Amino acid sequence: GYFAYCPQLKGCHSQGETFEEASENIREAVELYLETMTVEEIRKAKLPKPQVRTDLQSMRKSESCLGRK
């Protein structure tokens with residue numbers, strides 16, 4: 001499986017069995033994370049322009065994503 005995270009959004013991470021699934025899941029996680037933020041919080045965060053990175057880390061199926069970066 002794969003583990004993905006967004007370093008600009010503390011605690012925003014996801015996983016997937018395939019690279020494609022992990023990529024889709026992290027996109028959804030980012031969208032949901034941003035939906036929970038107020039306009040003021042987003043302004044204060046000074047988030048960089050969105051970009052896609054493909055350096056997802058592979059992990060063994062038996063490993064948990066929780067707490068891993």
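Let's start at Ser14, which you'll find in strand E2, the stretch covering residues 13-16. Keep in mind as you look around that this is a predicted model. Is Ser14 buried or exposed? With a relative accessibility of 17%, Ser14 counts as buried, because the cut-off for buried is under 20%.

So who does Ser14 touch? Skipping the neighbours within four places in sequence, Ser14 is in contact with Tyr2, Phe3, Ala4, Asn25, Ile26 and Ala29.

The largest nonpolar core has six residues, and Ala29 is one of them, along with Ala4, Cys6, Leu9, Cys12 and Ile26. Two of these core members are cysteines, Cys6 and Cys12. Cys6 is buried at 15% relative accessibility, and Cys12 is buried too, at 5%.

A disulfide is a covalent bond between the sulfur atoms of two cysteines. How many disulfides does the structure hold? The count is zero. Cys6 is in no disulfide, and the nearest cysteine sulfur to it belongs to Cys12, 5.4 Å away.

Now for the rings. A pair of aromatic rings is described by the distance of the centres and the angle of the planes. Searching the whole structure turns up two aromatic pairs. One is formed by Tyr2 and Phe19, edge-to-face, with 6.2 Å from centre to centre and 85° between the planes. Tyr2 belongs to strand E1 (residues 2-5) while Phe19 belongs to helix H1 (residues 19-35), so this pair ties together parts that are 17 residues apart in sequence. Tyr2 counts as partly exposed at 26% relative accessibility, and Phe19 is partly exposed as well, at 30%.

The rings of Phe3 and Tyr5 also make a pair: their centres are 6.1 Å apart and their planes are at 20°, so this pair is stacked.

Key: Residues are numbered from 1 along each chain as its sequence is written. This is a predicted model: local features need pLDDT of at least 70, side-chain atom pairs count only at pLDDT 80 or more; totals for chains, interfaces and linings use all residues. Side-chain values use heavy atoms; hydrogens and water are left out. A disulfide is a pair of cysteine sulfur atoms within 2.5 Å. Buried means under 20% relative accessible area, exposed over 50%, partly exposed in between (1.4 Å probe, protein chains only). A nonpolar core is a set of buried Ala, Val, Leu, Ile, Met, Phe, Trp, Tyr and Cys residues joined through side-chain atoms within 4.5 Å. Helices (H or I, at least four residues) and strands (E, at least two) are DSSP runs, numbered from the N terminus. Contact means heavy atoms within 4.5 Å. Rings of Phe, Tyr and Trp (its six-membered ring) pair if their centres lie within 6.5 Å; planes under 30 degrees apart count as stacked, over 60 as edge-to-face and the rest as tilted.
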